[in-house]
Amino acid sequence: MLNRRHIRIKVMQSLYAFMGTESDDLVKDEKFLLHSLDGMYDLYLSIFALLGELHKKGKSYNEKVQKKLLNNSPEDKLNTKFADNQVLSLIIGNSKLQELITKRKLNFWDLDFEYVDIIFKEIKNSGIYKDYANDEVFSFEKDKQFIINIYTEVIAPNEKLYDYFEDKQLTWVDDLPIVNTTILKLLRKLKLTSPETFLLPELYKDHDDKIFAKDLLNKTRLNDSSFLNEISSKTKNWDTERLAYIDMVLLKMALCEFQKFPSIPHKVTINEYLEIAKEYSTPKSSIFINGILDRIVKEYQLEGLYPKSGRGLF
């Protein structure tokens with residue numbers, strides 16, 4: 001689920017939170033980072049909990065319509081396609097997924113039911129729903145495409161839901177894009193015969209990524225003073241105390257990768273931090289960071305310092 005850029009962003013956020021503190025408790029800092037990374041999985045599970053609640057809402061809605069029909073007040077034609085959607089049924093019936101949601105106490109939609117009502121109403125009023133409800137062809141692929149469409153067009157871009165997640169946990173707004181992408185990829189590959197673990201991907205691509213996250217945090221923290229001195233020597237025309245905090249954090253992290261991660265090419269490191277700067281810092285930050293890092297790399301190469309080796313370098 002996680003990619004290296006997202007890991008770098010999480011490390012950046014953690015380092016930013018630690019700036020100005022005198023704590024040297026690396027274990028505590030590492031725990032903070034891993035908790036932040038794990039929080040993305042909570043967001044992923046909470047969205048599946050939401051899909052489950054929408055399925056329940058569809059069933060209860062049908063029960064109300066059925067009662068009206070029995071009372072000779074046919075205000076709405078009964079259509080069970082949403083309530084009978086096979087993808088939603090798979091999500092509700094996935095015991096491992098539901099157990100994990102319950103264990104981590106992530107089905108908070110029964111308390112915040114108004115958001116379920118809002119999303120369900122938008123789905124009901126959408127052209128996607130009307131086309132699906134009127135389609136007389138019943139198939140798993142049709143059901144799956146409907147869920148993909150409403151997720152893409154109704155759920156993911158919903159501003160009220162976005163604000164809700166931001167209020168629930170601030171870092172979730174940074175996690176939403178990658179979580180949404182992960183969910184859509186899994187939905188597209190989902191089959192009726194998919195194992196129960198299919199909807200429970202690993203948070204990290206492999207163990208190396210988790211090690212990378214911890215090492216990048218700890219090595220940046222441990223070498224903070226030397227990185228600061230090196231940055232200061234390269235920015236003599238700048239007041240380092242007036243540099244954007246985010247820029248300073250990104251420069252320190254980049255230096256850490258240059259010096260402590262020999263298998264990561266300079267170009268990869270520079271490109272990654274330029275992209276992060278564009279999203280999280282000032283409009284001119286990426287130009288400033290690019291100039292400093294490019295100068296440092298050229299000096300390292302000229303002096304034969306911190307050579308790179310490994311895959312992806314040739």
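Q: Where does Lys31 lie, and what makes that element a helix?
A: Lys31 lies in helix α2. A helix here is a DSSP run of H or I with at least four residues, while a strand is a run of E with at least two, and both are numbered from the N terminus. This is a predicted model, in which local features need pLDDT of at least 70, side-chain atom pairs count only at pLDDT 80 or more, and totals for chains, interfaces and linings use all residues. Residues are numbered from 1 along each chain as its sequence is written, and side-chain values use heavy atoms, leaving out hydrogens and water.

Q: Why is Lys31 called exposed?
A: Its relative accessible area is 64%. The cut-offs are under 20% for buried, over 50% for exposed and in between for partly exposed, using a 1.4 Å probe and protein chains only. Lys31 is therefore exposed. Along the chain Lys31 and Lys214 are 183 residues apart, yet 9.2 Å separates their C-alpha atoms.

Q: Why does Ile183 count as buried?
A: Ile183 has 0% relative accessibility, so it counts as buried. This residue is found in helix α9, residues 172–189.

Q: Which residues does Ile183 touch, and what makes a contact?
A: Contact means heavy atoms within 4.5 Å. Setting aside residues up to four places away in sequence, Ile183 touches Tyr44, Ile47, Phe48 and Tyr151.

Q: What makes a set of residues a nonpolar core, and how many residues has the largest one?
A: A nonpolar core is a set of buried Ala, Val, Leu, Ile, Met, Phe, Trp, Tyr and Cys residues joined through side-chain atoms within 4.5 Å. The largest has 92 residues, and those with the most contacts inside it include Tyr44, Phe48 and Ile123. Helix α2, residues 26–70, gives the largest share of this core, 13 residues. In soluble globular proteins, nonpolar side chains tend to be buried together. Ile123 itself is in contact with Leu54, Phe82, Tyr129, Phe146, Ile150 and Val154, leaving aside neighbours within four places in sequence.

Q: Why is Lys105 called exposed?
A: Lys105 reaches 72% relative accessibility, so it counts as exposed. You will find Lys105 in the loop between α4 (95–103) and α5 (113–125). Its phi is near 55°, a positive value in a residue other than glycine.

Q: Why is Tyr306 called partly exposed?
A: A relative accessible area of 33% makes Tyr306 partly exposed. Tyr306 lies in the segment after α14 (285–303), and its phi, near 50°, is a positive value in a residue other than glycine.

Q: How many helices and strands does the protein have?
A: There are 14 helices and zero strands.

Q: Why is the protein described as more spread out than a compact globule?
A: The radius of gyration is taken over C-alpha atoms, and the globule rule is 2.2 Å times the number of residues to the power 0.38. For 314 residues that rule gives 20 Å, and the protein's 24 Å is well over it, so the protein is more spread out than a compact globule. Along the principal axes, its C-alpha atoms fill a box of roughly 85 × 40 × 35 Å.

Q: What share of the residues is buried?
A: Buried residues make up 46% of the 314 residues.
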